[in-house]
Amino acid sequence: MAIVIRKTETLNNTSQIKEFLNKKGLSYDSFATPESLQTLLNQKGLNDAEKESVLTGLQYRFEELKEKYHYQARDLVVLHDEVPGISDMLAKFDKLHYHTDEEVRYIIDGSGVFGFIIEGEKFEVHVATGDFISIPQNTNHWFTLDEKKRIKAVRYFKDNSGWVPVYVDEKLLSVN
Ligand SMILES: [Fe+2]
């Protein structure tokens, strides 16, 4: 389950987190991962066939989200300390940026940290297995792994052509 760290408080209760993130324009939910996928999810890495099995096992979730949010596509990202080029990959997203499409993640193993600057407030959302988060287009954020250096996340897209980072200089924003 997620934890939200604000300057003034830490939120670790699902309904409080939902309420706070919704106020900031983000969607948040928490979905259990299916027991049938546990063996695969417990592996550190996954080959292409195994990734496909995981996505197939989560097809019901995709159908549900497609209906609700009109996503067109999904893929699976598997990151850990032995992925070649992992530092370069992370360096692309650990600086403040936004996208012209929504950034949607369903964390199915491991954990990571999203940071945001919204309405002048800087805060962190520590995500873990089961967390579903949707960051609207043009929302300033960054992402990094935590010390465990391991995450598996399904990405859902409405239009992946818009899904490139546009970097933002934090110094130009007024942050409380
Ligand atoms: Fe991003």
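How do strand 3 (residues 27–30) and strand 8 pair, in the parallel or the antiparallel sense? The views below take that up, along with the annotated site and a helix. This is a predicted model, where local features need pLDDT of at least 70, side-chain atom pairs count only at pLDDT 80 or more, and totals for chains, interfaces and linings use all residues. Residues are numbered from 1 along each chain as its sequence is written.

**View 1. Strand 8 and its partners.** Strand 3 and strand 8 run antiparallel, with four bridges between them; strands pair here if DSSP finds at least two bridges between them. Strands are DSSP runs (E, at least two residues) and helices are runs of H or I (at least four), numbered from the N terminus.

**View 2. Strand 8 from the inside.** Five of the five residues of strand 8 (residues 131–135) are buried, so the strand is largely enclosed by the rest of the structure. Buried means that 20 or more other C-beta atoms lie within 10 Å of the residue's own; exposed means 12 or fewer, partly exposed is in between, and C-beta atoms are placed from the backbone. Both faces are covered, with Asp131, Ile133 and Ile135 on one side and Phe132 and Ser134 on the other.

**View 3. The annotated binding site.** An unreviewed UniProt entry marks His97, His99, Glu103 and His141 as "binding site". These residues span 45 positions in sequence, yet no two of their C-alpha atoms are more than 11.3 Å apart, so they gather at one spot. UniProt positions follow the numbering used here, feature names are shortened, and annotations may be inferred rather than shown by experiment.

**View 4. Two histidines of the site.** His97 sits in strand 5 (residues 97–98) and counts as partly exposed, with 18 C-beta neighbours inside 10 Å. Setting aside residues up to four places away in sequence, His97 touches Trp142, Pro165, Val166, Tyr167 and Val168; contact means C-beta atoms, placed from the backbone, within 7 Å. His141, in strand 9 (residues 141–144), has 21 such neighbours inside 10 Å and counts as buried. Beyond four places in sequence, its contacts include Phe114, Phe116 and Ile135.

**View 5. Helix 4 and what follows.** Of the eleven residues of helix 4 (residues 59–69), one is buried, so the helix lies largely in the open. Just after it comes His70, with a positive phi of about 65 degrees.
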